[in-house]
Amino acid sequence: MTEITVAAMQLAFSDDEAANIAAVSELVREAAAKGAQVILPPELFEGPYFCRVEDEGLFVGARPVDRHPAVLAMQKLAAELKVAIPTSFFELDGQHHYNTLAMIGPDGKVQGIYRKSHIPDGPGYEEKFYFRPGNTGFKVWPDAAPTTLGVGVCWDQWYPETARAMMLMGAEVLFYPTAIGSEPHDPSLDTSRLWRRAMVGHAVSNVVPVVASNRIGNEEGQIFYGHSFICDERGDMLAEFGKEETGVLVATLDIDRIRRHRAAFGFFRDRRPDLYGRLAQDI
């Protein structure tokens, strides 16, 4: 039997980078003490979600993967605790800027990076001002844990193509670090239910567990709504937070059982790629 214990965390962030990294580190330690082998912090946890506004002064926060303080801190922690930490950060690569994830393995080494593919643009989420669309393609990570991990970043989580692509590449668990909350253009719009349902749909249609980690708190009037969760391959909640809790969620997954369920459903057996050409046509 192949089991893996996974964790998601939920917390608020300030404009104090060192304090944010310390708070995430504390929750990583808590999750590791509970047996977690893969521990997921939220998206861009080094500071406030700066994409609320377009401000050229904020580009100073981007740094290369080998010099970013969030990545360096998680590398040290991963090596000490022997855990994997998918780490979201604002990347500078030459003249280019990306919303990037470094997969840090239990030896503390960066196994590679994934650059967010889908970049949103709208009130309160003006990411196209800051980030180029990712050029890595979707990625999976076979060597970070006892089973293959797939990781998409925030807006990626709304796209069934992201989940299905990672599944076809061999993913056995899907992870989504996130920064999402209120909609400044429509205060009555609460997307927390939609956000969860989209990912639960990926779980059901791919017969795969999903781990989602979101931030909480009030950042200049934008309220981040939490609701981080871990669901199983049938979309049932194994662990979940509401909109205000700080802490870690931990669940153990039986990968061999999940594989049997996936095979029995026949979703991958019955695929018809010969009929799907329209999905890849930009017309």
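Here is a short chat about a predicted model, starting with its annotated domain and ending at one threonine.

Me: Hi! Which feature does UniProt place at residues 4-255?
Reply: The unreviewed UniProt entry puts "domain: CN hydrolase" there.

Me: And how much helix and strand is there over residues 4-255?
Reply: That stretch is 22% helix and 31% strand. Its end C-alpha atoms are 7 Å apart.

Me: Let's go inside. Which residues have the most contacts inside the largest nonpolar core?
Reply: Those are Phe131, Leu174, Val210 and Phe229, in a core of 30 residues. Two or more residues each come from helix 3 (160-168), strand 10, helix 4, strand 11 (210-213), strand 13 (222-225) and strand 14 (229-231).

Me: Nice, and which element gives the most to this core?
Reply: Helix 4 does, with 4 residues.

Me: What is Leu174 in contact with, leaving aside neighbours within four places in sequence?
Reply: Leu174 meets Gly150, Ala163, Met166, Met167, Val208, Pro209, Val210 and Val211. Apart from this core lies another one of 27 residues, including Leu149, Val153, Ile230 and Ala239.

Me: New topic: where is Thr191?
Reply: Thr191 is in the loop between strand 10 (173-177) and helix 4 (192-206).

Me: Is Thr191 buried or exposed?
Reply: Thr191 has a relative accessible area of 8%, so it counts as buried, the cut-off being under 20%.

Me: OK, which side chain does the Thr191 side chain make a polar contact with?
Reply: That would be the side chain of Tyr225, at 2.7 Å. Not counting residues up to four places away in sequence, Thr191 also touches Trp158, Ile180, Gly181 and Glu183.

Terms used
Residues numbered from 1 in each chain as written. Predicted model: local features only at pLDDT ≥ 70, side-chain atom pairs only at ≥ 80, totals over all residues. Heavy atoms only, no water. Buried < 20%, exposed > 50% of the residue type's maximum accessible area, 1.4 Å probe, protein only. Polar contact = N/O pair within 3.5 Å; in protein donor to acceptor, adjacent residues only side chain to side chain. Contact = heavy atoms within 4.5 Å. UniProt positions renumbered as here; feature names shortened; annotations may be inferred. Core = buried A, V, L, I, M, F, W, Y, C linked by side-chain atoms within 4.5 Å.
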